[in-house]
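Colleague: Could you take me closely through the interface between the two chains, with the cut-offs behind each term?

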There are 2 protein chains.
Amino acid sequence: MKYWIDNKVPAPPYLAVIFISKKTNHLEGYKEMDELTMELAIKQPGFLGYESCNHDNEGIFISYWKDYESIENWRHHTTHQAAKNMGKKDWYERYVSQIAEVKHSVEFIKNQ
Amino acid sequence: MKYWIDNKVPAPPYLAVIFISKKTNHLEGYKEMDELTMELAIKQPGFLGYESCNHDNEGIFISYWKDYESIENWRHHTTHQAAKNMGKKDWYERYVSQIAEVKHSVEFIKNQ
C-alpha cells in the first residue's frame with residue numbers, strides 16, 4: 001500500500017522512518033490502534049507519505065517526513081507513544097526502527 | 001525476510017537502498033533473476049544486510065551498504081543491470097528506488 005500527499009513521491013531531500021516488524025500472536029487491540037495511528041500520522045505537519053507491505057506476521061512500513069522536527073513531534077504524540085508501549089509489551093516479537101535521510105529517489109511507472 | 005552479515009543490525013551510519021515495487025503479470029524469468037541477484041548482492045564488498053517483505057505482487061526490499069562506493073559498484077554490476085532492464089521492460093508496473101543515509105537505528109527483540 002502507498003499514500004502520498006498530492007499523490008506523488010516528492011524530490012529529495014526528506015526523511016524516511018523505516019519500521020520493520022515481526023508480530024507475535026498476541027494482537028488484541030492491534031488492528032484498532034494501527035488504524036488510529038495511521039489516521040493520525042497522515043494528518044501531522046510535515047508528513048509526506050508512506051509505503052507499506054505486510055505478509056503474515058511480518059511487515060515493513062516506511063513513512064516519509066519533511067524534517068526531523070516533524071518526526072520528533074509525531075514521536076511525542078500521546079497516541080503514538082501508547083501504541084509503542086503496547087507494541088513492545090504485546091504485539092512485536094521483533095522490530096527495527098530507523099531514521100534515514102533520503103538523498104536520491106526515482107519513481108518508475110510503466111508506460112508513462 | 002531478513003539477512004544480516006554477522007546476524008545483527010549494525011550501528012549507523014550506513015546506507016539504505018529502498019526498493020518498493022509493484023509487479024506486472026509478465027513475470028517470465030523473474031524468479032530466477034531475483035534469486036541470482038540476491039545471491040550476488042550479499043557477496044558484494046560493503047553489503048551489510050537486507051530486510052524484505054512481499055505480498056501478492058507488491059514488495060519492499062531494503063538493502064544496507066557500508067558506503068556509496070559499494071552501492072555504485074553493485075549498481076554497475078552486469079547482472080544487476082540486466083535485471084534492471086528486464087524489470088523495466090516486463091516485470092514492474094511501478095517501482096520507487098531510493099538511497100538514504102541511516103542516522104538512527106534501534107532493534108527490539110522481545111525478552112532479550
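Modeller: In this predicted model, chain A can be laid on chain B with an RMSD of 0.0 Å by a turn of 180° and a shift of 0.0 Å along the axis (least-squares superposition on the C-alpha atoms of residues with pLDDT of at least 70 in both), which is the relation of a two-fold axis. Local features need pLDDT of at least 70, side-chain atom pairs count only at pLDDT 80 or more, and totals for chains, interfaces and linings use all residues. Residues are numbered from 1 along each chain as written, chains are lettered from A in the order in which they are written, and side-chain values use heavy atoms, without hydrogens and water.

In contact (heavy atoms within 4.5 Å) are 41 residues of chain A with 41 residues of chain B; because 100% of the interface residues of chain A are also interface residues in chain B, the copies meet through the same surface. The buried area (accessible area, 1.4 Å probe, lost on being put together and summed over both parts) is about 3,400 Å², with 57% given by carbon and sulfur atoms. On the chain A side, A:Arg94, A:Phe108 and A:Lys110 lose the most area to chain B, together 20% of what that side buries.

Four salt bridges (a side-chain nitrogen of Lys or Arg within 4 Å of a carboxyl oxygen of Asp or Glu) cross the interface, and one joins the side chains of B:Arg94 and A:Glu107 at 3.0 Å, N to O.

Key:
Buried area = accessible area lost by both parts, 1.4 Å probe.
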